[in-house]
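Please find below a briefing on one protein chain, written to be read alongside its sequence and its structure. The points are grouped by topic.

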Amino acid sequence: SGLSTQPVWRKLWDDVMKTRPPNSESITCWRKKFLETFFSNVLHGVLDVSSDWRLNDHHFSPLLHSSPHVTQLTLCNMLQGAVELTAEHNQKVLENLAHSLRILKFQHLLSSDQSVRHSLVLLLHRLIHHGSVSQLSIYSWPVPDTVLLVLILSMSAGFWRSGNALAYRSSPCGLCREEGNAQSQRSTREQPEREWSNGENLKGSCGALKEADVQGDVDGRGAGPGQNSGLSGLSCPLQNQACEEASSKVSCDHASVQGGSSCCSEQLSRHPVLRKSRRRLKSAVGKKRRCLRRSRGLCADPDDLYDFVFTVAREDSSGLLDKSSITEGENGGNWTSSSTGSPCSGSAGCKKRGGSAGIFPLKAAHRFRSVSTLELCSIPLTGDTCRTLSNLLSSWVSLENLVLSYNGLGVNIFCILSGLRALSRHSDCRLHVLRVSDVFSHMPCMELVRCILSTLPQLHTLSVSFDLKNQLEGNGPEGNPSCSDAEIPESCLEQLEIRFPREPLHTMFLLPVLKASKSLQQLSLDSATLPSSQELGLLLQALKECNPSLKKLSFHDVNLADHQKEVLLLLQDPILQEISFSFCRLFESCTAEFLMEIINTVKKNTSLKSLRLPGNRLGNHRLVALADIFSEDSSSSLCQLDVSSNCIKPDGLLEFTKKLEGHIQQRGGQIQFTHLRLFQNWLDQDAETAQEALRRLKAVCSVVNDSWDSSQAFADYISVM
């Protein structure tokens, strides 16, 4: 008791895995790392348990014993892992994963046949709908299988199969059958109470149906053939609350939803001679719906597990979203057509085409538990797939984090935004984090930021990142909405990250965002160009006036060589706690006077906790000078200093260390400095001196460095010289 088992698990890793784990320095729990990797390697056949005498025991099940400790799992290639986990002999393993697994990842997927998709459906249903998986990530799928991708997305959103009355009882999942039986029993007990409590309401809209119930009981007979034919026109559930509850198992045909909010009670009033009970009514409506679907070739089997995937090619998207998205056109929105109800039809890049694949009939599916984090990275998303995703997002109220990275969205970003706009209208919407990154930007970054914030003012974190500017930017397709004049309501934004594709940073475009984000605490600006010498000053003034709570400010790859005055103003700020000047050419033409001003400014700042200066050509002599920040007369509270990628040699680091030790001794050992980062410096040029410097530094603070080949940076060295 009280002894760490980390060395034991580390040795087990070496003995069993026989490989060096990546990023071993950052592993905090070797037990967790070993058991999760062990489970994954056994599952995918990478590790042969018979090769180790401790594991080669027929009483020992590697998957069963390690599964309770697995919190994240990656499935790849042909999804062999999904087939193995859903096999009957691994039922207990799947049960363990349903309780322990939090993160499910897919990577390098390939097309699969129907039997594999069947196994995947059962796996996702158990781990997401009846399990604890909260994050689903898909990585590196250059040519995605549309059917498989839609399947994964739909089940991650909580949808599974068509929502007919037998959805539970015919399910291969025992938990669903138990839930269905329990619901049937509750419905049986609550039916008389509902009829009594809603009796007054039923008199007007469903009075004929009520009389039919009584008359049928008295006469002891059902409705005749002629009366049955009167039901042929009924294809939607009753809009009255009592009727909705009574027909909760009956799905509304999408064509009737398209027609608007017509109530079936009006149709009933036209057939006062109906003599049909509610149970017969539900049965007739269900049969009518199934017959309609069969007649259009939409499904061959009402219990087909893939009904919701294969119907997407023919289902019309009209009316499939909630009413809030349908009324967007009436409220002046840019991305919704009030005439069709489609969330994407208003965008030029998201126009609905006949027979488009990917539109998922939400109202025809049962809703289960869904994940709270969705990550789609390096997966090309076509227009059809974007429409599917938009449709799913429109009601995905459990979603808290959405990451769309390198999906080639282009103009389809507006299709995604239309679904998010519909989602934001739900009172229980939880989406707080949105990250969008891609190679090409379809529009200027600031316009997109304004679009997103006007759509989702409840966001806490927004990250927009693009590598290159689209050459056709500004000449987009006709009908593409412009967000430059979008009204931004007061937002909840706390963290904003923008990576510009070498675009000019105009404060006048950023100002409305800053004014609407009173709670902003972190701002990161990457790869922007400053169009004038006054632009940075205007930005700092705007931040001071609009964002008094800002604590972290970061500039990356922004040329600040000619903005020394603004840099000093930032370092004097009494509110900022973390400042980052990353690859900003800060010391490119730096004079000794400017360096001393930086040091003296930081020495007087009592609020600054972290200063990051990677990639600024600091060199040896400037690093040694920075040690004076911690001199005896300093009131600095600086805890972390990052001088990575600064052409630092071992002798310069050793001299910095000796000077720092002298200052600490003068202060009686009282210093707040705790972390020093030294990545990608030239410490390999003299290994012995570097080791001595690092050994002495580690007695003072925590040092993070790496093994880096400095010969790759010879060109940078010449430029510093």
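Predicted model: local features only at pLDDT ≥ 70, side-chain atom pairs only at ≥ 80, totals over all residues.

**Parallel strands and their crossovers**

Of the 721 residues of the chain, 51% count as buried, and among contacts between residues at least 6 apart in sequence, 83% join residues at least 24 apart.

- Strand E11 (residues 522-526) pairs with strand E12 (residues 552-556) in the parallel sense over five bridges, and Ser-524 stands opposite Ser-554 in E12.
- Between E11 and E12 the chain passes through helix H22 (residues 535-546), in a β-α-β crossover that is right-handed.
- E12 is also paired with strand E13 (residues 578-582), again in the parallel sense and over five bridges, and these two strands form a right-handed β-α-β unit together with helix H23 (residues 564-572).
- In H23, the buried residues are Glu-566, Val-567, Leu-568, Leu-570 and Leu-571, and the partners against which the buried residues of H23 pack are H22, E12, E13, helix H24 (592-604) and E14.

- Strand E7 (residues 401-405) is mostly covered, with four of its five residues buried.
- E6 and E7 run parallel and are joined by five bridges, one detail of this pairing being that Cys-377 has Ser-405 in E7 as its bridge partner.
- E7 and strand E8 (residues 433-441) likewise run parallel and are joined by five bridges, and here the bridge partner of Ser-405 is Ser-437 in E8.
- Two right-handed β-α-β units can be traced through these strands: E6, H18 and E7 make up one of them, while E7, helix H19 (residues 413-424) and E8 make up another.
- Thr-373 belongs to strand E6 (residues 373-377) and counts as buried because its relative accessibility is 11%, which is under the 20% cut-off.
- Leaving aside neighbours within four places in sequence, Thr-373 is in contact with Ser-134, Gln-135, Leu-136, Leu-399 and Asn-401.

**Helix packing**

- Helix H7 (residues 146-156) packs with helix H18 (residues 383-393) at an angle of about 10 degrees, and their axes are 11 Å apart; this angle makes H7 roughly parallel to H18.
- From H7, the residues Thr-146, Leu-149, Val-150, Leu-153 and Ser-154 take part in the contact, where they meet Thr-385, Thr-388, Leu-389 and Leu-392 of H18.
- The residues of this contact of H7 with H18 divide into five nonpolar, four polar and no charged.
- In helix H5 (residues 91-100), the buried residues are Val-93, Leu-94, Asn-96, Leu-97, Ala-98 and Ser-100.

**Buried residues in loops**

- Gly-615 lies in the loop between strand E14 (610-612) and helix H25 (619-626), and Gly-615 counts as buried because its relative accessibility is 12%.
- Gly-615 and Asn-646 are 31 residues apart along the chain, yet their C-alpha atoms are separated by 5.3 Å.
- When residues up to four places away in sequence are not counted, Gly-615 touches Phe-583, Cys-584, Arg-585, Ser-644, Ser-645 and Asn-646.
- Leu-47 has its place in the loop between H2 and H3, and with a relative accessibility of 16% Leu-47 counts as buried.
- The residues that Leu-47 touches, not counting those up to four places away in sequence, are Val-16, Phe-38, Asn-41 and Val-42.
- From C-alpha to C-alpha, Leu-47 and Thr-37 are 9.8 Å apart in space, and in sequence they are ten residues apart.

Key. Residues numbered from 1 in each chain as written. Heavy atoms only, no water. Buried < 20%, exposed > 50% of the residue type's maximum accessible area, 1.4 Å probe, protein only. Axes fitted to C-alpha atoms, helices over the stretch in contact; angles between N-to-C directions. Parallel < 35°, antiparallel > 145°, perpendicular 65-115°, else oblique. Contact = heavy atoms within 4.5 Å. Nonpolar A, V, L, I, M, F, W, Y, C, P; charged D, E, K, R; others polar. Pairing = 2+ DSSP bridges. Right-handed = clockwise from strand over helix to strand, strands pointing away.
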